[in-house]
Amino acid sequence: MSLESVRAFFAEKAPEISVIESTTSSATVVLAAEAYGVEPARIAKTLSLRVGDRVVLIVAAGTSRMDNKKVKAAFGGKPKMLGLDEVADITGHEVGGVCPFGLKTPLPVYCDVSLKAFDVVVPAAGSTHSAVRITPDRMAELTAAEWVDVCEVRPEN
């Protein structure tokens with residue numbers, strides 16, 4: 001269902017963007033970078049967090065790391081990652097395929113400024129074998145995302 005909801009999202013809002021599928025898993029940043037032929041930082045990972053009684057999605061560069069102090073300052077509470085079952089129940093996407101597109105439940109989406117280093121990023125597209133290539137600004141526009149600075153960029157190893 002999840003891959004289909006993402007396809008439907010793009011068919012309606014951005015028909016020029018097509019979902020790409022891989023025969024190998026892209027469930028982690030490293031696997032996704034290998035599957036789609038890009039450096040790990042260019043993979044746009046989606047973090048599913050609970051802050052107080054709110055659930056938010058933060059999309060960030062693949063090699064960045066969430067900074068708890070920055071998140072607490074930006075959202076007014078301590079962030080807690082959602083559990084595996086919660087992620088699928090709330091977003092409609094399985095872990096490894098979570099993205100800000102075609103969500104089961106409308107959620108606030110935030111794009112971390114770490115994405116702005118790239119002309120094109122590769123977020124998942126609802127499954128562990130799918131993704132899209134998109135500019136960070138277009139992703140933010142399509143998901144009504146707000147830009148935030150809540151991650152620290154780490155050098156790739």
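The legends below describe close-up views of a predicted model.

**View 1. Helix α4 and its two sides.** In helix α4, which spans residues 84-91, Val-87, Ile-90 and Thr-91 are buried. These residues lie on the same side of α4, because they cover an arc of only 85° around the axis. Asp-85 and Asp-89, on the other side of α4, are exposed. The packing partners of the buried residues of α4 are β2 (43-51) and β3 (54-61), and the helix is followed by Gly-92, whose phi is positive, near 85°.

**View 2. The largest pocket and its lining.** The volume of the largest pocket is about 420 Å³, and 26 residues line this pocket, with Ala-27, Lys-45, Thr-46, Val-95 and Gly-96 lying nearest its centre. At least two lining residues are supplied by each of α2 (29-36), β2, α4, β7 (122-123) and β8 (130-131), and β2 gives the largest share, six residues. Sorted by class, the lining consists of 17 nonpolar residues, eight polar residues and one charged residue.

**View 3. The largest nonpolar core.** In soluble globular proteins, nonpolar side chains tend to be buried together. The largest nonpolar core of this model has 32 residues, and those with the most contacts inside it are Phe-10, Phe-101, Leu-115, Val-132, Ile-134 and Met-139. Two or more residues of this core come from each of α1 (2-13), β3, α4, β6 (109-112) and α5 (136-142). Apart from this core lies another one, of twelve residues, among them Leu-49, Phe-75, Val-148 and Val-150.

**View 4. The surroundings of Phe-101.** Phe-101 is among the residues with the most contacts inside the largest nonpolar core. When its neighbours within four places in sequence are left aside, Phe-101 is in contact with Val-6, Phe-9 and Phe-10, with His-93, with Pro-123 and Ala-124, and with Val-132, Ile-134, Met-139 and Thr-143.

**View 5. Lys-13 in helix α1.** Lys-13 lies in helix α1 and counts as partly exposed, because its relative accessibility is 42%, a value in between the limits of 20% for buried and 50% for exposed residues. Once its neighbours within four places in sequence are set aside, Lys-13 is in contact with Arg-138 and Leu-142. The C-alpha atoms of Lys-13 and Thr-143 are 9.8 Å apart in space, although these two residues are 130 residues apart in sequence.

Conventions:
Residues numbered from 1 in each chain as written. Predicted model: local features only at pLDDT ≥ 70, side-chain atom pairs only at ≥ 80, totals over all residues. Heavy atoms only, no water. Buried < 20%, exposed > 50% of the residue type's maximum accessible area, 1.4 Å probe, protein only. Helix = DSSP H or I, 4+ residues; strand = E, 2+ residues; numbered from the N terminus. Arc of directions from axis to C-beta. Contact = heavy atoms within 4.5 Å. 1 Å grid on protein atoms, 1.4 Å probe; cavity = no way out; pocket = protein on both sides within 12 Å on 5 of 7 lines; lining within 4 Å. Points joined across faces, edges and corners; volume = space filled by probe spheres on them. Nonpolar A, V, L, I, M, F, W, Y, C, P; charged D, E, K, R; others polar. Core = buried A, V, L, I, M, F, W, Y, C linked by side-chain atoms within 4.5 Å.
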